[in-house]
Amino acid sequence: MYGLAGAAEWPVIQQLLPDLEGKRIVDLGCGFGWFCRFALEQGAAKVLGVDISEKMLSRARDMSPSAIEYRRADLETLTLPESSYDLVYSSLVLHYLEHLAAVFAVVHRALVSAGDFVFSMEHPIYMAPEHPGWLLSEPGTRIWPVSHYAEEGRRTTNWLTSGVVKYHRMLATTLNMLIRSGFILCQMEEFAPTQEQIAAHPALAEERHRPMFLIVKARRDN
Ligand SMILES: C[S@@+](CC[C@H](N)C(=O)[O-])C[C@H]1O[C@@H](n2cnc3c(N)ncnc32)[C@H](O)[C@@H]1O
């Protein structure tokens, strides 16, 4: 358990975040609440963490000051009060959601005008294959075969536990969904480790062969 610092993509996400001082923030799929605690430490005025797993939330509550509110909810049916958050954050959760456009609409409505939506999710190049995995055909080569890219929808993988269900969408689909929901795209990153990160953690080197995470900053424009 290394928290935010243990996530190689965290330095990239951090660059996309606005100043959190005095902000009202919701973290969608907060897990153990690492970001919620970071936001409070940065001076956020109000922090809400939402997750479907009571197990995750119970650990989050144990590790957090009472100023952070945690709520159990399925993001697919979540409701949030209108124009009441300055930042909606979500890390590595949105690819689990079947009805992403509906969630973007909820986020858009919950943000104040010019409020920020910063999220990471699995990259479509990483998610597209029906059976994701490296091809190691020749010694020293490492290829990520992308297939079924335009076949959007359900993917079942066996990462950590078997039968994990995720939803693949083309890059354009996700970005157009944001635009149609009323967001302006501010910045997009495709995470790749730096040479410094690889020097410290050589196993990260393979992450330069294909993007594992898509990181987006969008803004409510009205
Ligand atoms: C990979 S973890 C990421 C946790 C945290 N955001 C982080 O970056 O450490 C995915 C989280 O999404 C939550 N989750 C998955 N589907 C969800 C849903 N439909 N509604 C709410 N939370 C969900 C899981 O319970 C889990 O805590």
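## Strand S4 and its surroundings

In strand S4, Tyr-89 is the bridge partner of Asp-27. The description that follows rests on a predicted model.

**Pairing of the strand.** Strand S4 spans residues 85-91. Strand S1 (residues 24-28) pairs with S4 in the parallel sense, over 3 bridges. S4 is also joined to strand S5 (residues 111-122), again in parallel, and here there are 6 bridges. Within this second pairing, Asp-116 of S5 is the bridge partner of Leu-87. Together with helix H4 (residues 100-110), S4 and S5 form a right-handed β-α-β unit.

| Partner of S4 | Residues of partner | Sense | Bridges |
|---|---|---|---|
| S1 | 24-28 | parallel | 3 |
| S5 | 111-122 | parallel | 6 |

**Burial of the strand.** Why is S4 described as largely enclosed by the rest of the structure? The reason is that 6 of its 7 residues are buried. Ser-90, which is found in S4, has a relative accessible area of 1%; because the limit for a buried residue is under 20%, Ser-90 counts as buried.

Which residues does Ser-90 contact, when neighbours within four places in sequence are left aside? They are Asp-27, Leu-28, Val-118, Phe-119 and Ser-120. With Leu-28 there is a further detail: a polar atom of the Ser-90 side chain lies 3.0 Å from the backbone oxygen of Leu-28.

**The nonpolar cores.** The largest nonpolar core has 32 residues, and Trp-10, Leu-17 and Phe-35 have the most contacts inside it. S4 is one of the elements that supply at least two residues each to this core; others include helix H1 (10-16), helix H2 (34-41) and strand S9 (213-220). Another core, of 29 residues, lies apart from it and has Ala-73, Leu-75, Leu-100 and Phe-117 among its members. Leu-17 is in contact with Trp-10, Phe-35, Phe-38, Leu-87, Tyr-89 and Val-118, leaving aside its neighbours within four places in sequence.

**A residue of helix H6.** Thr-174 has its place in helix H6 (residues 171-180). Is Thr-174 buried or exposed? Its relative accessibility is 3%, so Thr-174 counts as buried. Not counting residues up to four places away in sequence, Thr-174 touches Leu-100, Phe-104, Met-121 and Arg-169.

Technical notes
Residues are numbered from 1 along each chain as its sequence is written. This is a predicted model: local features need pLDDT of at least 70, side-chain atom pairs count only at pLDDT 80 or more; totals for chains, interfaces and linings use all residues. Side-chain values use heavy atoms; hydrogens and water are left out. Helices (H or I, at least four residues) and strands (E, at least two) are DSSP runs, numbered from the N terminus. Buried means under 20% relative accessible area, exposed over 50%, partly exposed in between (1.4 Å probe, protein chains only). A polar contact is a pair of N or O atoms within 3.5 Å; within protein, one must be able to donate a hydrogen and the other to accept it, and residues adjacent in sequence count only if both atoms are side-chain atoms. Contact means heavy atoms within 4.5 Å. Two strands pair if DSSP finds at least two bridges between them. A crossover is right-handed if, with the strands pointing away from the viewer, the path from the first strand over the helix to the second runs clockwise. A nonpolar core is a set of buried Ala, Val, Leu, Ile, Met, Phe, Trp, Tyr and Cys residues joined through side-chain atoms within 4.5 Å.
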